[in-house]
Amino acid sequence: MIAATGPVEAFVQSAPLPPRPAPAAPRMAWHEGLFAGLASSAATVTIALLLAMAAPHLLSWAVVNGIWHGGPAACRAGEGACWAFLTAKGPQILFGIYPPGERWRAIAVVVALTALALWTLPPAHWTRRTLIAWIVGILLSLLVMGGAWLGLEPVPTSAWGGLPITLLLTVLSLAIGFPAAIMLALCRRSPAPILRWMSIGFIEIVRGLPLLSMLFIAAVLLPIMLPEGFTIDNFTRALAALCCYSAAYLAEVLRGGLQAIPPGQAEAAAALGLQRWQTLRFIVLPQAIGKVLPALTNTVVVIIKNTGLVLVVGLFDLLSSARAALTDPDWPAPFAETFAFVALIYFAICFGISRYSLFLETRMNMGHRR
Amino acid sequence: MSRSSRRYFARSFVLQLVALAAVIALVIWLATNAVHNLASRGIATGFDFLDRAARFPISESLLPYTPSDSFAWALAVGLGNTILLSMLVAILSTAFGVLLAQARRSHNPLASGLTAIFVESVRNTPLIVQLLFFYSALIFSLPGPHAALNPAPGVFLTNRGLYLPWPMFDHGRWLLSSPITGHFNFEGGLVLSPEFVAIVVGLTLYSTSYAAEIIRSGIEAVPLGQWEAARALGLPERRLFRLVIMPQALRVIVPPMTSQYINIVKNSTLALVVGYPDISFVTATTINQTGQAIEGVAILVLIFLVINFAASAVLNAFNRRLASRVR
């Protein structure tokens, strides 16, 4: 250490520097960009003209002439959007063919699953208790939907419908697919050749097939391949295909995470005397999953969007219920309003999760910068 | 080899054998059930049905088809439609993707804002909802042939499809055949069915939103110093982009674009939803007609695996050529 004497003192920082403001971003103010050149000005004028042409039509259709109250007659007479259809058919779109008298059960399931999902968002809540709450929540949801229990009227899965089906399929395929994905990812990176090749075979075949074909395959092959007298409902068939799909895709994401963990981590754990299983459980997996959390949440978005495909195997999910509602001959089939409503629900869920994924990514990068 | 690692290998060997035995047992169990079930339902097995006449109509196809053709040819016709659809969408979505990527990167807030809204709303809603929307819009909101929309000369849009002028080879020379109003419908020119228009428009918009983001992130992955250095050398913007930025950006763009093109082929199976006869549609009809689900599914799986491997082989070769040109 240098003794602080004489002229050296002049070069040693004695007090912390005051915080300085960040340099101004070299960005143009938003209005400067509008006419920043010939191409830009042309684009601005074209877009503004198109907007000016389209906006009045859209506004008059959706708002000015929109029909908010009344029945089918009002919609037939009017020229605007038939929002009244959504008010009248809303419950049918949201809950499908679930017996109307028992609808409170479907509502309870949607509320419970949404509440659980919202509770899980802050990383501080990622505890063992939350995991147990999810398992209990999913099992209870299935029991409440199905009934024949605690004096609830039994409702077969063929009568389930709407948003609860969409949410249950998503949650179940993730809950079953995620542990399977961990197994597959570990097998794919294992030195044992038979396990590795079986895992590669499964992942690549599933990823090579369109989900629509997989749903179709599950729908036609499962009944043939199970023993006689053993019936399997549409819900389970669709769920089987979705589980294979999410397991294969999540496994590939997890493999990326496993690859990113330096081998030194496992070696250090072994040097500390941890067993193979303990190394995996406490050292490798937590870090690997942590690294790919944003990618995992993005896969969740893909899986939610894909639940819309189950209508091809005859399940009454949100989209399929909306289509069924449109077939009512009394109403003039306001498809644009109905599909916009369905799209909005999907958008709210998926956009929310994408933003959450971005949040996780920033949070992760902050951890690295520290 | 230490004792513990020898024990580990022995255990791993036993574990692998158990896993293999379990999978083989599962397959045998499923197969026996299938054989038993098929026999009790009186369904034939084998691929003999491929030579029989299909006897179902295919509403439109690239390859010539009549219901008296064989099942094998019907499947080939479906595959032809799938390839036509995927190629068309791949080309269109790449072109629009480049445009949108530039628009989103531009300093023009109107262009970048609108592009962002488009990309986010398309990517965060299911493709199947978009397809059903477009199909319903074409079928229900467009006028009939008598009051056809005529957005450009020779182009007519009705609820029966889109009519376009199309070059035709007639009497030894090329002619531009335009649709003309006939007795009940338009005659001449190129006719695109509402099903085809819906699946092409829907799939193109969906794929464009993905392509735009891939291209944008590829361009943004090129360090800013490259732009600055090229400008310092006095390269004009157009050549700067073509000679300096694009070759480097392509290295980042090509791998995700490869999976995006394969995704287009896979997503094209949603043609089933709007009723365009692609390969999955024809396979589903074949299984319905013959009851031979296992064979039908096997053909479908085989076709998709071949498409996948072919597509990734071609694009990997392209990628290798690209990556080897180190600058």
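Begin by selecting B:N33, which touches A:I224, A:M225, A:L226 and A:P227, residues up to four places away in sequence not being counted; contact here means heavy atoms within 4.5 Å. B:N33 belongs to helix α1 of chain B, residues 3-41; helices (H or I, at least four residues) and strands (E, at least two) are DSSP runs, numbered from the N terminus. With a relative accessible area of 11%, B:N33 is buried. The term buried denotes under 20% relative accessible area, exposed over 50%, and partly exposed what lies in between, for a 1.4 Å probe and protein chains only.

Some conventions apply throughout. This is a predicted model, in which local features need pLDDT of at least 70 and side-chain atom pairs count only at pLDDT 80 or more, while totals for chains, interfaces and linings use all residues. Residues are numbered from 1 along each chain as its sequence is written, chains are lettered from A and ligands numbered from 1 in the order in which they are written, and side-chain values use heavy atoms, with hydrogens and water left out.

Next, display chain A as a whole. Chain A holds 14 helices and 0 strands. Its radius of gyration is 28 Å, well over the 21 Å that the globule rule gives for 370 residues, so chain A is more spread out than a compact globule; the radius is taken over C-alpha atoms, and the rule is 2.2 Å times the number of residues to the power 0.38. The C-alpha trace of chain A spans about 95 × 65 × 40 Å along its principal axes. Of its 370 residues, 43% count as buried. Among contacts in chain A between residues at least 6 apart in sequence, 68% join residues at least 24 apart.

Within chain A, select A:Q265 in helix α10, residues 263-271. This residue is partly exposed, at a relative accessible area of 30%. Apart from neighbours within four places in sequence, A:Q265 is in contact with A:I283 and A:Q287.

Now move to chain B and select B:T204, in helix α5 (residues 194-220). B:T204 counts as buried at 5% relative accessibility. Its contacts, leaving aside neighbours within four places in sequence, are with B:V89, B:L92, B:S93, B:F96 and B:I199.

Continue to B:A111, which is found in helix α3 of chain B, residues 109-123. B:A111 is buried, its relative accessible area being 10%. Beyond neighbours within four places in sequence, B:A111 is in contact with A:I47, B:A103 and B:S106.

The last stop concerns aromatic side chains. Over all chains, the structure holds 13 aromatic pairs. Rings of Phe, Tyr and Trp (its six-membered ring) pair if their centres lie within 6.5 Å; planes under 30 degrees apart count as stacked, over 60 as edge-to-face and the rest as tilted. Select B:W227 and B:F241: their ring centres are 6.1 Å apart and their planes stand at 50°, so the pair is tilted. The pair links distant parts of the chain, with B:W227 in helix α6 (residues 224-232) and B:F241 in helix α7 (residues 237-267) of chain B, 14 residues apart. Both B:W227 and B:F241 are buried. Finally, select A:F335 together with B:F133, B:F134 and B:F140, which form one aromatic cluster.
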